[in-house]
Every structure is written in structure tokens, then in C-alpha cells.
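Dear colleague,

Please find below the structure that I am handing over to you, followed by an account of what was found in it. I would be grateful if you could read the notes with the model open.

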Amino acid sequence: MKIGIVCYPTYGGSGVIATELGIGLAKRGHEIHFITYKRPARLSHFQANVFYHEVDTSSYPLFEYTTYDSALASKLVDVVKYENLDLLHVHYAIPHAMVSYIAKKVLLTEGRYVPTITTLHGTDITLVGQHRAFRPVVEFSMNKSDGLTAVSKSLRDQTYEYFNVNKEIEVVYNFIDFERFKKHDKDHFKKAIAPLGEPILTHVSNFRKVKRVDDVIRVFHEVRKEMPSKLLLIGDGPERRNAESLCRKLELCHDIRFLGKQDAIEELLAVSDLFIMPSAKESFGLAALEAMACEVPIISTNAGGLLEVNTHGQTGFLSEVGDVEDMARNALNLLRNPDLLSRFRENALQRAQEFDISNILPKYEAYYESVLRAAVYT
Ligand code: GMT
């Protein structure tokens, strides 16, 4: 198949999944065209069958705001037409579901129908999508997609709960490429971070409010009271400044490292003992899955799709959102019991293997085929 993929090309989970999906499909012989405003972060090397089309976001003095949506729609029309694409798969509903619908309509005036599939990733449904500034268009354009997928059952159910969606939503879980995400031997690196063999707790996110980075620091504060330990904070975003202030206030700076955005996450996970994910909302928790693939148990909340990834009492523990004490207690329980910790490490890996990319790619392929068969020319 010739498939166009639209996503946010940044470090966010939806962009990561879209990019890995495209690379994986290309390896299976499909021709993949990424259409984004910047080269996707994980599309770093040349790959056969992979093409990249940059959306022109140049400005005009009249425009106070960029006209990205129109530029993207025009680019989609162009790429579908000249590269002869079979379908468009867009990731994150805002604005991609609506933009792909416009492109579809434009193409239809030339007698060409390109089916569109929208994958719902999380905050496009659970947060931003519900804002009245977006809601009507999100709902309309979801219903106009030829196919709709969600990355967890929880997200599917929430979509039905919050929106009037009149079509079936297929659940296709996020996945992991074990060629990349596996435990590496990075002992020298571990020694540099924790010279006395202190346990290392890790958090990876884009530091938005929904990630509750303050809770990560408060959990660490409780753990740190009981045993020497270190915390790695990976990623960047609007909450970083607040997080830094809290570290200073709690006098934890010596034991916390802010590493900013990192490409080789797997190397940092390789030296981690626990992964902390105290999110208020999480449709799936790809960062947690990546940690599990590197044998790192998860201390998380029970928000959204985390229940479908992290198994309480086996691969980690789940607590109510905001229950810092419980998360700290669970972390200490594992850190104080090396046998238990190593059992959880094995369980985490085993569970992660269920989300191996090789299990998930055929699901997308089968879904594409069913959408192509059923596409109604409207
Ligand atoms: O919230 C983020 O970290 C980014 C966001 C996105 O859409 O780019 O992530 C969402 O999609 C990921 C990939 O499907 C999921 O694993 C995350 O759980 C989800 N984030 C939230 O629901 C908050």
C-alpha cells in the first residue's frame, strides 16, 4: 500500500508511534509518506520506502496566526495526487482529522477518493478536544473519517462517553520495537549517576500539567527520606520551571538530574530501577511501556489506559491520582526487596513483549484493508 502519515513530529507519544509505525510498515514493503511540518524526531536515518514531505508553514504579514491547517490540507492534496496514495492515516485528531477531511473533499472534486483513518491518542479526546473551542469540529471530523482507532479500550470508551461518535472505534494498542528498547549494559553510566549504587528512579514526559511532575518529585522526596536514591527527569515542557523550584524548596537538587529532551531514552532506562508516572490522565502510557521493555517496573496512577499496560502487583503498582504517599510506599516496598524487584523486572519485560511491534503491525494492515474495502464515496 502507499500510505500517507500525518503526525506531530515532536517527542510526544503520538508522533513517536506514528513514526515507528511508518518505519515498521515500510520494512514490510509498504511505501510510506510522512507529511509534517518538521522531520519526525525518530526518523533520523535514511530508510528505503520512506518519503518525507515538509509542510510549508511560511507566514504572511497579514496573518496574526499561522495558517498551518490550510497549508497541511494543500500539501495532502498534492502528495495524494502526485504520489498516488491509497490512504491517509492521521495521528491525533486536532487538527489532523479535520484537515484530512478537507483534503479528501478537495480531491473528490477531481474525482479521486482517498480514505482517511484517524488514530485518537489521548488529550485530543480527554482534554483539548473537549474544549468548546475545538469540540464541534473534533466530533464532526471523527465522524467523517473512514476509520477511527484508539490506542486503548479506555480511550475508546471515553471517546464514546464524551462525543457523539456514530462509528466503530477499533482499539489498536501502542507498541514497542524490541530491536531498540531492550536492557543495555550501561554500568559505567550507572556509576556516574549513582556512585554508591543508590537506586535510580526515572520519569520521562513532556512536562505538561497533566503529567503531574510535582508528584514525581514529592514521591522521590518520600523515598529519599528513607534511603539514598537518585531521580532522573527526562524531557522538557511548560512545568519544568515549577519542577525546578520544587526541587530547590525541598533541597533535593543534589540528587535530581534534569536531563532535558533525550534521544537515547533506552540507555537511561537501562540504568533505572523504577519508572514513575503519576499522570492525571493517560490514554495508554507509551513511556511506561518503553520502561517495561527495558525491565523497569512502573509506579503509576490508575488513570485511563494505564490499567491496560501496568498490572498492579506484578509489573508495578497503581495508585489513585495524587496519592503521593501510596506511590512512595509502593516504590519503597520494591526498592527494599531486591527479590521482589527482580521478579517485577521480569514481569515487566514479559508484559511488554505482548506489545511487540510485530504483533501490532498486522493489526494496522488488516484495518487498512478493511477500510479500503468499505470506503464509501461521500
Ligand atoms: O501526552 C503526551 O505525552 C503526548 C500525547 C500525544 O498525543 O502526543 O500522548 C498521548 O499519546 C500517547 C501515544 O498514543 C499515549 O501513550 C499517551 O498516554 C497519551 N497521553 C495522554 O493521554 C496524556
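**Loops and buried residues**

Aspartate 255 is located in the loop that runs between helix H9 (240-249) and strand S10 (256-260); helices (H or I, at least four residues) and strands (E, at least two) are DSSP runs, numbered from the N terminus. This is a predicted model, in which local features need pLDDT of at least 70 and side-chain atom pairs count only at pLDDT 80 or more, while totals for chains, interfaces and linings use all residues. Residues are numbered from 1 along each chain as its sequence is written, and side-chain values use heavy atoms, with hydrogens and water left out.

With a relative accessibility of 9%, aspartate 255 counts as buried (buried means under 20% relative accessible area, exposed over 50%, partly exposed in between, with a 1.4 Å probe and protein chains only). The side chain of aspartate 255 makes a polar contact of 2.8 Å with that of lysine 230. A polar contact here is a pair of N or O atoms within 3.5 Å; within protein, one must be able to donate a hydrogen and the other to accept it, and residues adjacent in sequence count only if both atoms are side-chain atoms.

Phenylalanine 284 belongs to the loop between strand S11 (274-277) and helix H11 (286-293). Phenylalanine 284 is buried, at 1% relative accessibility. From C-alpha to C-alpha, phenylalanine 284 lies 29 Å from valine 114, and the two are 170 residues apart in sequence.

**The ligand**

The ligand is surrounded by 18 residues, and the closest are Ser14, His121, Arg208, Glu282 and Ser283; a residue is near a molecule if one of its heavy atoms lies within 4 Å of it. This shell divides into four nonpolar, ten polar and four charged residues. In that division, Ala, Val, Leu, Ile, Met, Phe, Trp, Tyr, Cys and Pro count as nonpolar, Asp, Glu, Lys and Arg as charged, and the others, Gly among them, as polar. Domain 1 (2-175 + 357-374) and domain 2 (187-353) each supply at least three residues of the shell, with domain bounds from an automatic or database domain assignment.

A polar side-chain atom of asparagine 206 is 3.1 Å from a ligand oxygen, and an N or O atom in the side chain of lysine 211 is 3.1 Å from an oxygen atom of the ligand. In glycine 285, a polar backbone atom is 2.9 Å from a ligand oxygen. Of the 490 Å² of accessible area that the ligand has on its own, the protein covers 94% (Shrake-Rupley method, 1.4 Å probe).

**Cysteines**

The whole structure contains zero disulfides, a disulfide being a pair of cysteine sulfur atoms within 2.5 Å. Cysteine 247 has its closest cysteine sulfur in cysteine 253, at 5.4 Å, which is too far for a bond. Cysteine 247 is buried, with a relative accessible area of 1%, and cysteine 294 is buried at 0%.

**Backbone geometry**

Isoleucine 94 and proline 95 are joined by a cis peptide bond with an omega of about -10°; proline 95 is part of helix H3 (residues 93-108). Asparagine 49, a residue other than glycine, has a positive phi near 70°. Asparagine 49 sits in the loop between strand S2 (31-36) and strand S3 (50-54) and is partly exposed, at 32% relative accessible area. Glutamate 295, likewise not a glycine, has a positive phi of about 65°. Glutamate 295 is in the loop between H11 and strand S12 (298-301) and counts as partly exposed, at 23% relative accessibility.

With kind regards
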